[in-house]
Amino acid sequence: MTKVDKPVDIVNPSTGQVLAWEAPEFFQHSKGFIWMVIVWLVAFALAALALWSYRLSFSGVLAGIVPLAAALARTTQGRLKPDTVRIALDDAGVTVKGQLYSWSELKSFWLVFSEISQVLYLETTRPLFSVVSIQLAKMDPDTVRTYLLNHLPERSDRAEEFGDRLARIIKF
């Protein structure tokens, strides 16, 4: 996980003042040489299967290029380091990396704890990307939960998002 040097800011959350912290943009898994080899082996196997099933036709070549391009994207993107972002909760709403989500465009929240991270999920009213995930880093989840309960309902029936779970399983 990316080291966060700046301390947490808590300015009396019971009065609606700022509750802020810094955290990595996403949780980074260590990806060694074996992870890269497995990605490329799967990509080559899928490309070969596409070529074989389409009998070396033009469609097969196109279908074979897709897993190779995906492997290239995955291995390139897998080396990216997460930026440290500032998260702030205040009377206006939740600000993540300079993007304000006002309380009126937020529906609910839930917290998920895994063996490697603590994540706050916010459900928005936006049609695309309706769930925002925020790393808590060293922030106390009870403090965040208490603050958010003053503005949003908690969805204890929700769990880790499928994309986040899949990324954690395949260490992406």
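For the classification of side chains used below, Ala, Val, Leu, Ile, Met, Phe, Trp, Tyr, Cys and Pro count as nonpolar, Asp, Glu, Lys and Arg as charged, and the others, Gly among them, as polar. The model is a predicted one, in which local features need pLDDT of at least 70 and side-chain atom pairs count only at pLDDT 80 or more, while totals for chains, interfaces and linings use all residues. Residues are numbered from 1 along each chain as its sequence is written, and side-chain values use heavy atoms, with hydrogens and water left out.

The secondary structure of the protein comprises 4 helices and 8 strands, where helices (H or I, at least four residues) and strands (E, at least two) are DSSP runs numbered from the N terminus. Read from the N terminus, the elements follow the order β-β-α-α-β-β-β-β-β-β-α-α. Of the 172 residues, 37% count as buried, a term that denotes under 20% relative accessible area, with exposed meaning over 50% and partly exposed the range in between (1.4 Å probe, protein chains only). Among contacts (heavy atoms within 4.5 Å) between residues at least 6 apart in sequence, 60% join residues at least 24 apart.

Strand β7 (residues 118-124) is joined to β8 by 5 bridges, the two strands running antiparallel, and 7 bridges join β7 to strand β6 (residues 106-113), again in antiparallel fashion; strands are taken to pair if DSSP finds at least two bridges between them. Strand β7 is mostly covered, with 6 of its 7 residues buried. In the hairpin of β7 and β8, which has 6 residues between the strands, Phe129 takes a positive phi near 55 degrees.

Phe129 also belongs to the surroundings of the second largest pocket, which has a volume of about 420 Å³. On a 1 Å grid over the protein atoms alone, a pocket is an open set of points with protein on both sides within 12 Å along at least five of seven lines, whereas a cavity is a set where a 1.4 Å probe fits but cannot get out; lining residues have an atom within 4 Å of a point. Grid points are joined across faces, edges and corners, and the volume is the space filled by probe spheres set on the points. Of the 15 lining residues, Tyr101, Phe129, Val131, Val132 and Ser133 are the closest to the centre of this pocket. Strands β3 (84-90) and β8 (131-135) each supply at least two residues of the lining, the largest share, 5 residues, coming from β8. By class, the lining divides into 10 nonpolar, 2 polar and 3 charged residues.

In helix α3 (residues 141-149), Pro141, Thr143, Val144, Tyr147 and Leu148 are buried. These residues lie on the same side of α3, because they cover an arc of only 160 degrees around the axis, the arc being that of the directions from the helix axis to the C-beta atoms.

Ala50, in helix α1 (residues 33-53), is buried, with a relative accessible area of 10%. When residues up to four places away in sequence are not counted, Ala50 touches Gly60, Ala63 and Gly64. Ala50 and Gly64 are 14 residues apart in sequence and 5.3 Å apart in space, C-alpha to C-alpha.
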